Amino acid sequence: MVVLNAIEILTAKETQIMNMLPKASAINTIHAYLTDTLTAAASKAVAEGADYTASVLTTPSRLTNIVQVVAENFKVTRTQQNISHYQGQDELSRQTEKALLNWANSAEFDLVRSTLVSGASGAVAKMSGIIEACSKSTNHTSHNSGTVWAASILDGLMKGNWDNSNGDVSTDIFMGSFLRSATDGFTQKSNVVVNNPGGQTSIVRTVTTYETAFGTLRIHTHRYIQQSSDSTGRVLALRPEKLAVAYLEKPFVDTGLARSGDYDNRAVVGKFTLEVRNQDSNWYADGFDKD
């Protein structure tokens with residue numbers, strides 16, 4: 001009996017932000033990195049023959065984040081490995097492939113949504129994810145609940161981003177399916193030039209970029225920005241070069257786990273955290289109507 005592709009993985013795979021960000025190395029469970037600023041721009045003219053006036057120097061600021069251990073543990077019985085399956089694949093290998101996908105989804109979820117937990121007193125240590133780590137009073141905007149997502153709002157958010165970041169604005173915007181559909185509704189697409197002699201053969205209802213006076217955004221639909229448990233719609237805009245995934249240990253399959261029965265014990269394990277090199281280059285907004 002032919003059973004080609006007998007098992008279809010129905011769950012979505014979502015790793016676009018983790019794959020997009022630069023990679024760095026962590027050397028401790030508390031990952032530290034430095035940021036610095038230039039002096040405020042002003043006239044520094046001096047009189048002819050006058051002594052120089054030394055500028056007041058600034059020292060770097062030390063930022064930290066917690067390294068999080070992400071593990072996907074699974075056990076496959078020897079019996080399941082001995083018998084023949086419809087998919088024609090060794091069950092341990094198949095479950096290992098699934099575990100790798102599960103680990104990647106979980107890592108992406110925490111990279112975006114995790115809130116900081118120090119790990120003291122036996123608690124599980126968790127990193128500060130992008131939404132929390134990037135948010136501050138100048139780049140986190142909470143609109144009145146039920147506010148309709150509109151082009152004028154996005155334009156205003158990008159203006160604030162340009163003002164706060166000294167021009168290092170976000171280049172990628174992420175949102176759930178409802179707000180993505182709403183974005184297609186307010187984006188200008190009417191000026192279409194048709195060069196096909198037979199006429200236009202496709203109807204374009206969407207765009208992949210949105211251009212403002214303060215920068216061009218690549219538009220992405222993301223499953224973890226918006227969850228059913230979120231009370232309002234959320235939008236996250238990033239400048240990927242200003243963030244990084246810092247690995248203390250890159251993900252691997254741990255095959256050295258003890259077993260006390262007729263099974264093989266495996267785990268996919270990785271240790272990493274988020275490094276935020278400039279909070280102001282990113283922004284987050286919530287409060288939007290989502291249904």
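Two strands pair if DSSP finds at least two bridges between them. Helices (H or I, at least four residues) and strands (E, at least two) are DSSP runs, numbered from the N terminus. The model is predicted, so local features need pLDDT of at least 70 and side-chain atom pairs count only at pLDDT 80 or more, while totals for chains, interfaces and linings use all residues. Residues are numbered from 1 along each chain as its sequence is written, and side-chain values use heavy atoms, with hydrogens and water left out.

**View 1. An open sheet of four strands, in the order β1-β10-β11-β4.** The pairing in this sheet is mixed. Strands β1 (23–25) and β4 (68–77) stand at the edges with a single partner strand each, so one side of each has no neighbour in the sheet. On average, neighbouring strands are turned by 35° against each other, direction ignored. Strands of a sheet pair through backbone hydrogen bonds, either parallel or antiparallel. Here β1 and β10 (residues 243–254) run parallel and are joined by three bridges. S25 has Y247 in β10 as its bridge partner. Helix α3 (residues 91–113) lies across β4, β10 and β11, and runs at about 160° to β4. Such angles run from 0 to 180 degrees between N-to-C directions; the axes are lines fitted to C-alpha atoms, for helices over the stretch in contact.

**View 2. A246 in strand β10.** A246 is buried, with a relative accessible area of 0%. Buried means under 20% relative accessible area, exposed over 50%, and partly exposed in between (1.4 Å probe, protein chains only). Leaving aside neighbours within four places in sequence, A246 is in contact (heavy atoms within 4.5 Å) with A24, S25, A26, H31, K271, F272, T273 and E275. L34 is 212 residues away from A246 along the chain, and their C-alpha atoms are separated by 14 Å.

**View 3. N265 in strand β11 (residues 263–276).** The residue N265 is buried, at a relative accessible area of 9%. Its side chain makes a polar contact of 3.0 Å with the side chain of N73. A polar contact is a pair of N or O atoms within 3.5 Å; within protein, one must be able to donate a hydrogen and the other to accept it, and residues adjacent in sequence count only if both atoms are side-chain atoms. A polar atom of the N265 side chain also lies 3.1 Å from the backbone oxygen of A258. Beyond four places in sequence, the contacts of N265 are N73, F74, K75, D254, L257 and A258.

**View 4. R113 in helix α3.** The side chain of R113 reaches the backbone oxygen of Y224 at 2.9 Å. A polar atom of this side chain lies 3.4 Å from the backbone oxygen of I225. Not counting residues up to four places away in sequence, R113 touches Y224, I225, Q226, Q227, D230 and R234.

**View 5. Helix α5 (residues 151–165) and its buried face.** The expected span of a helix is 1.5 Å times one less than its number of residues. For the 15 residues of α5 this gives 21 Å, which agrees with the 21 Å between its end C-alpha atoms. The buried residues of α5 are A151, I153, L154, L157, M158, N161 and S165. Seen down the helix axis, they fall within an arc of 160°, so they line one face of α5. The arc is that of the directions from the helix axis to the C-beta atoms. These buried residues pack against β5 (140–147), β6 (172–175), α6 (177–186), β7 (209–212), β8 (215–221) and β12 (283–288). Just after α5, N166 takes a positive phi of about 60°.
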